[in-house]
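Work through the exercises below with the sequence and the model open. Each task is followed by a solution in steps.

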Amino acid sequence: MERRARLLGPMYKQFYQTPFVPVRGEGVWVTDENGKRYLDAYNNVPHVGHCHPRVVEAASRQLATFNSNTRYPSELIVDYAERLAETMPDPLKVCMFVCSGTEANELAWRIAMANSGGSGALITRSAFHGNSTIIGALDSSTIPTERQQAWVATVPAPEHRGIGDRTPKLTASEYAEQYRRAIVGLAERGHRPAAYFACPVFASDGLYSPPAGYLNEAIAEVRKSGALIIADEVQSALGRTGTHFWGFQHAGITPDIVTMAKPMGNGLPLAVVITRPELVEGFLKTERYFNTFGGNQVVAAAGIAVLDVLREEGLQQNALQVGAYLRGRLARLMDRDERIGDVRGTGLFVGVEVVRDRASQVPAPEIARVLIEGLLQRGVLVGITGAGRNLLKIRPPMIFSQDHADQLVEALESVL
Ligand SMILES: Cc1ncc(COP(=O)(O)O)c(C=O)c1O
């Protein structure tokens, strides 16, 4: 730990207070340096399971065969693009390859600016979309309002009224009014909106799935302003919601551009921007783009293997069934413990809201921290998210089973 702090510097904080050094992964299991096994209920990058043999084999075989870049024609890369495009509605059919969620959103932003002629961005209040200068400026959760860039405007996430009441706080029209105001605010600061970045499950905002049709009016406002809609699928891609393959389908949004990263290569840096052909043409009138490592043959081979495993092992359906079972079991825990304010989410993306007590509904990030530490000691990995940093974030590999859900709930019960 001392060597890590000295050589990597203070930026690399420990996830937990208790030292935890994972050295091996298999399926939903992670083993630490002392040989202790942990149930991974947190990591979505190993989407089809840690070290899935199909992905390992496909990537290793390709690494031993040929690896270069997208400048050279490659059947494999085209096959992957075709497989991805098959999962998208028309006319979202052109794939551009990058290496991270940040790069995908940065490219999407440039495409949106070039085509819309705008220069302003709309985001939800606690969104996170990446870490570059431009995309990092969209990290409204850590940038105080007074330091926010003039070209950025925030709108609220579709929050619920309160504990036990899933009705959105605002009516759909009141919610759309917030977007109208944000667009007017941008205009007053000299910016016409170029894009609305939407995380379809509002993950960093606290995980919300508003009722069907609720977002329509707000989205219509965005469209009226001339902005393009970018669906940031970094958290919600590849069947995670259980109901749909893509989060934007779950949310009922029709995007112009879709960005994806974390789970695509099961750990390899595979990230993609998918959009309409004419938007790429519009972008290339004034700009150029090339990404040396983006979409190379090795990551394409991994990406194809991930899609194969998802289909053959029925993992979207598994997310739907196991997610519902897990939320059901967690909801029963809520009946018995005042500090669990809500259990929400969709598919295998589940949030457990931790509060001081149900009457006050005061967010309790300090209790949430104690809970994830206690879960670690009981051999279960869970994270934290949400505007109040009080939402336990349960987002396991897609092979998570009912047995695993039972183990997680029993561990949480024991920590509580
Ligand atoms: C919704 C969302 N978008 C974008 C990113 C940035 O992705 P990356 O870390 O691959 O740059 C993240 C990372 O956590 C994310 O959660």
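For the class counts used here, Ala, Val, Leu, Ile, Met, Phe, Trp, Tyr, Cys and Pro are nonpolar, Asp, Glu, Lys and Arg are charged, and the others, Gly among them, are polar. The structure is a predicted model.

**Exercise 1. Describe the lining of the largest pocket by class and by element.**

Step 1. Sorted by class, the lining holds 13 nonpolar, 19 polar and eight charged residues.

Step 2. The lining comprises 40 residues, and those nearest the centre of the pocket are Y42, F128, Q235, K262 and K393.

Step 3. At least two lining residues come from each of α4, α12 (365–377) and β16 (383–385).

Step 4. The volume of the largest pocket is about 1,200 Å³. The ligand takes up space in this pocket.

**Exercise 2. List the residues around the ligand and state which helix supplies the largest share of them.**

Step 1. With a cut-off of 4 Å between heavy atoms, the shell consists of S100, G101, T102, N105, F128, H129, G130, D232, V234, Q235 and K262.

Step 2. Helix α4 (residues 101–116) gives the largest share, three residues.

Step 3. By class, the shell has two nonpolar, seven polar and two charged residues.

**Exercise 3. Examine the backbone at P91, C51 and R389.**

Step 1. Most peptide bonds are trans, and most residues other than glycine have a negative phi.

Step 2. The D90 to P91 peptide bond is cis, with omega near -5 degrees. P91 belongs to the loop between α3 (75–86) and β4 (94–98).

Step 3. C51 has a positive phi, near 50 degrees, and sits in the loop between β3 (37–40) and α2 (53–63).

Step 4. R389 also has a positive phi, near 50 degrees. The loop that holds R389 runs between β16 and β17 (391–394).

Notes. Residues are numbered from 1 along each chain as its sequence is written. This is a predicted model: local features need pLDDT of at least 70, side-chain atom pairs count only at pLDDT 80 or more; totals for chains, interfaces and linings use all residues. Side-chain values use heavy atoms; hydrogens and water are left out. On a 1 Å grid over the protein atoms alone, a cavity is a set of points where a 1.4 Å probe fits but cannot get out, and a pocket is an open set with protein on both sides within 12 Å along at least five of seven lines; lining residues have an atom within 4 Å of a point. A molecule sits in a cavity or pocket if more than half of its atoms lie within 2 Å of its grid points. Helices (H or I, at least four residues) and strands (E, at least two) are DSSP runs, numbered from the N terminus. Grid points are joined across faces, edges and corners, and a volume is the space filled by probe spheres set on the points.
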